[in-house]
Amino acid sequence: MSAVRQFEPAQTVLAVEGLTSGYDAAPVVREVSFSIAAGEILVILGKNGMGKSTLLKTIMGFVRASAGKIRLAGEDITNRQPHLIARHSVAYTPQEYAIFQDLTVEENLRLGVANDTLLKERLEDVEAAFPRIVERLHQRAGTLSGGEQKMLLLSRGLIARPKIMLIDEISEGLQPTMVAKMAEVLKATKERNGVAVVLVEQNLPFALSVADRYAILKIGEIVERGDVAHADTAATLEEHLRI
Ligand SMILES: Nc1ncnc2c1ncn2[C@@H]1O[C@H](COP(=O)(O)OP(=O)(O)OP(=O)(O)O)[C@@H](O)[C@H]1O
Ligand SMILES: [Mg+2]
């Protein structure tokens, strides 16, 4: 019998198969495979420089895949341009602060939707998640605090009402109450909209509080994966993330 899986469960929204990518000579992401269903949160854990961000950038079309496939709802989107991938209801929240500093908060949010009417309608999504962002619509985004900029980044993803969210270290540099808020927003979004989330994280308590499944990336390869609900998950994962 072939070891290759011939079909996927109907609800799979993102499937990555044997994905290899990198920048120059040696690959940074090596034969990574996973799939994720609607309403699921998968956390990719790993130490600095293991290829977590590169993996998300490859899915999003910013880094070229040299081998493997990326499929969205069954459609092969490997190496398509990022704006075309975004049209498949994929929202990407990068690790680096990717908001437009000289635009207002409102103008930054406007980039997540197709028109002004939708922006008005969906501001209530942002209000429910981060009221502080809606209070600052006319403030220049560059003058927001670091934590507020992270909230704006996530809000810009949420306002698109995506089917898939790719989120890179949203908890980095945030105080514990803010991290808890991010967890609450992600869980609510997953439950309400059935969004599938690929969360890249190094904050283990945060990751375990929101994710259904985990995968550990080590030098570009998934070396371990499983369900977060499993009893000894935290101890095993801590071991992997220790410097
Ligand atoms: N644009 C680039 N050009 C060349 N090499 C790069 C580039 N971006 C990342 N790399 C290299 O690829 C490797 C993986 O980087 P990546 O940013 O994917 O890691 P990461 O797991 O997200 O790390 P961190 O936890 O520090 O964010 C690193 O060795 C990094 O130096
Ligand atoms: Mg990174």
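Student: In which sense do S7 and S8 pair, and over how many bridges?

Tutor: Strand S7 pairs with strand S8 (residues 196–201) in the parallel sense, and 5 bridges link them. Two strands count as paired if DSSP finds at least two bridges between them. Strands (E, at least two residues) and helices (H or I, at least four) are DSSP runs, numbered from the N terminus.

Student: Before we go on, what kind of model is this?

Tutor: This is a predicted model: local features need pLDDT of at least 70, side-chain atom pairs count only at pLDDT 80 or more, and totals for chains, interfaces and linings use all residues. Residues are numbered from 1 along each chain as its sequence is written, while chains are lettered from A and ligands numbered from 1 in the order in which they are written.

Student: Back to S7. Which residue of S8 is the bridge partner of Leu-166?

Tutor: Val-198 in S8 is the bridge partner of Leu-166. On another side of the story, S7 also pairs with strand S6 (residues 90–93), in the parallel sense and over 4 bridges. There, Ala-91 stands opposite Met-165 in S7.

Student: What do S7, H7 and S8 make together?

Tutor: With helix H7 (residues 176–193), S7 and S8 make a right-handed β-α-β unit. Right-handed is meant with the strands pointing away from the viewer: the path from the first strand over the helix to the second runs clockwise.

Student: Is S7 mostly covered or mostly open?

Tutor: Strand S7 (residues 164–168) is mostly covered, with 5 of its 5 residues buried. Buried stands for 20 or more other C-beta atoms within 10 Å of the residue's own, with C-beta atoms placed from the backbone (12 or fewer is exposed, in between is partly exposed). Ile-164, Leu-166 and Asp-168 point one way from S7, and Met-165 and Ile-167 point the other way.

Student: Why is Leu-166 called buried?

Tutor: Leu-166 is buried because 24 other C-beta atoms lie within 10 Å.

Student: And which residues does Leu-166 touch?

Tutor: Leaving out residues up to four places away in sequence, Leu-166 touches Leu-56, Ile-59, Met-60, Val-90, Tyr-92, Thr-93 and Val-198. Contact means that the C-beta atoms, placed from the backbone, lie within 7 Å. As for Val-32, 134 residues away along the chain, its C-alpha atom is separated from that of Leu-166 by 16 Å.

Student: New topic: what is the strand order in the open sheet of 4 strands?

Tutor: The order is S2-S1-S4-S5, and the pairing is antiparallel. S2 (27–37) and S5 (75–76) stand at the edges with a single partner strand each, so one side of each has no neighbour in the sheet.

Student: How many bridges join S1 to S4?

Tutor: Strand S1 (residues 12–22) is joined to strand S4 (residues 65–72) by 6 bridges, running antiparallel. Glu-17 stands opposite Lys-69 in S4, and the bridge partner of Thr-20 in S4 is Ala-67.

Student: How many residues lie between S1 and S2?

Tutor: S1 and S2 form a hairpin with 4 residues between them. Their antiparallel pairing has 7 bridges, and Ala-15 stands opposite Ser-35 in S2.

Student: What about S9, which strands does it pair with?

Tutor: Strand S9 (residues 213–218) pairs with strand S3 (residues 41–45) in the parallel sense over 4 bridges. In that pair, Leu-45 has Ile-216 in S9 as its bridge partner. With strand S10 (residues 221–227), S9 pairs in the antiparallel sense over 6 bridges. Leu-217 stands opposite Ile-222 in S10. The S9 and S10 hairpin has 2 residues between the strands, and Ile-219 takes a positive phi near 40 degrees.

Student: Now the ligand. Which residues are around ligand 1?

Tutor: Around ligand 1 are Tyr-23, Val-28, Gly-46, Asn-48, Gly-49, Met-50, Gly-51, Lys-52, Ser-53, Thr-54, Gln-95 and Gln-202. The cut-off is a C-beta atom, placed from the backbone, within 6 Å of the molecule. Helix H1 (residues 52–59) gives the largest share of this shell, 3 residues.

Student: Last one: how many helices and strands does the protein chain have?

Tutor: The protein chain has 9 helices and 10 strands. Buried residues make up 39% of its 243 residues. Its C-alpha atoms fill a box of roughly 60 × 35 × 35 Å along the principal axes. Among contacts between residues at least 6 apart in sequence, 68% join residues at least 24 apart.

Notes: Two residues are in contact if their C-beta atoms, placed from the backbone, lie within 7 Å.
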